[in-house]
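Here is a friendly note to read with the structure open beside you. Take the points one by one and find each residue as you go.

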Amino acid sequence: HVQLAESGGGLVQAGGSLRLSCTASGVIYTMKTMGWYRQGPGKQRGLVATITSTGSTFYGDSVKGRFTISRDNAKNTISLQMNSLKAEDTGVYYCNAQHLLPGMPMDDYWGQGTQVTVSS
């Protein structure tokens with residue numbers, strides 16, 4: 001079983017920056033794609049950014065050019081550097097990880113979420 005622990009959320013003014021981190025722990029065999037999703041007030045959870053084990057990244061259109069996702073495979077950690085934050089970036093940010101055990105279907109894990117609030 002894999003646990004994901006997020007950190008780094010908080011309150012920031014529009015135009016400011018925050019850095020989120022997520023560390024996976026537990027019995028880890030092969031961690032595939034990891035990423036960040038967010039759920040704004042009254043909205044569905046949506047993709048922010050993902051990164052594969054080889055470093056390929058994908059960003060949601062609304063964060064391209066402002067957010068950067070990175071990964072440390074040795075530490076099973078991903079980070080999300082968020083710059084030029086806007087009020088619409090407000091929400092709960094969830095870490096996601098796809099974990100693979102040999103001969104088993106891919107498992108999808110979620111963190112508890114960390115609140116990011118951007119004041120305008």
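1. **Before you start.** This is a predicted model, in which local features need pLDDT of at least 70 and side-chain atom pairs count only at pLDDT 80 or more, while totals for chains, interfaces and linings use all residues. Residues are numbered from 1 along each chain as its sequence is written, and side-chain values use heavy atoms, with hydrogens and water left out.

2. **The core.** Start with the largest nonpolar core, which has 27 residues. A nonpolar core is a set of buried Ala, Val, Leu, Ile, Met, Phe, Trp, Tyr and Cys residues joined through side-chain atoms within 4.5 Å. L4, W36, V48, F67, L80, M82 and Y93 touch the most other members. At least two core residues come from each of β1 (2-7), β3 (18-26), β4 (30-39), β5 (46-51), β7 (67-72), β8 (77-82), β9 (91-100) and β11 (114-119). The top contributor to this core is β3, with four residues. Strands here (E, at least two residues) are DSSP runs, numbered from the N terminus.

3. **V48 and its neighbours.** Leaving aside residues up to four places away in sequence, V48 touches W36, Y37, R38, F58, Y59, G60, V63, F67, L80 and Y93. Contact means heavy atoms within 4.5 Å.

4. **L20, buried or exposed?** L20, in strand β3, counts as buried because its relative accessibility is 0%. The cut-offs are under 20% relative accessible area for buried, over 50% for exposed, and partly exposed in between (1.4 Å probe, protein chains only). The contacts of L20, not counting residues up to four places away in sequence, are S7, G8, G9, W36, I78, S79, L80, M82, Y93, T114 and V116.

5. **The disulfide.** You will find one disulfide in the structure. The term stands for a pair of cysteine sulfur atoms within 2.5 Å. C22 and C95 form the link, with their sulfur atoms 2.0 Å apart, and the angle of -80° about the S-S bond makes it left-handed. The pair links distant parts of the chain, with C22 in strand β3 and C95 in strand β9, 73 residues apart. C22 counts as buried at 0% relative accessibility, and C95 is buried with a relative accessible area of 0%.

6. **How the strands pair.** Two strands pair if DSSP finds at least two bridges between them. β4 and β9 do this in the antiparallel sense over eight bridges, with G35 opposite N96 in β9. β4 also pairs with β5 in the antiparallel sense, over five bridges, and M34 has I51 in β5 as its bridge partner. β9 and strand β10 (residues 107-110) are antiparallel too, over four bridges, and there H99 stands opposite D107 in β10.

7. **An aromatic pair.** The structure holds one aromatic pair. Y37 and W110 form it edge-to-face, 5.1 Å centre to centre with 70° between the planes. Because Y37 lies in strand β4 and W110 in strand β10, the pair ties together parts that are 73 residues apart in sequence. Rings of Phe, Tyr and Trp (its six-membered ring) pair if their centres lie within 6.5 Å; planes under 30 degrees apart count as stacked, over 60 as edge-to-face and the rest as tilted. W110 is partly exposed, with a relative accessible area of 36%.

8. **A charge over two rings.** Which ring faces does R45 lie over? One is that of Y94, at 3.6 Å from the ring centre, and another is that of W110, at 4.6 Å from the ring centre. A charge sits over a ring if NZ of Lys or CZ of Arg is within 6 Å of the ring centre and within 35 degrees of the ring normal.

9. N76 has a positive phi of about 50° although it is not a glycine, and N76 lies in the loop between β7 and β8. S84, also not a glycine, has a positive phi of about 50°; S84 lies in the loop between β8 and β9 and is partly exposed, with a relative accessible area of 40%.
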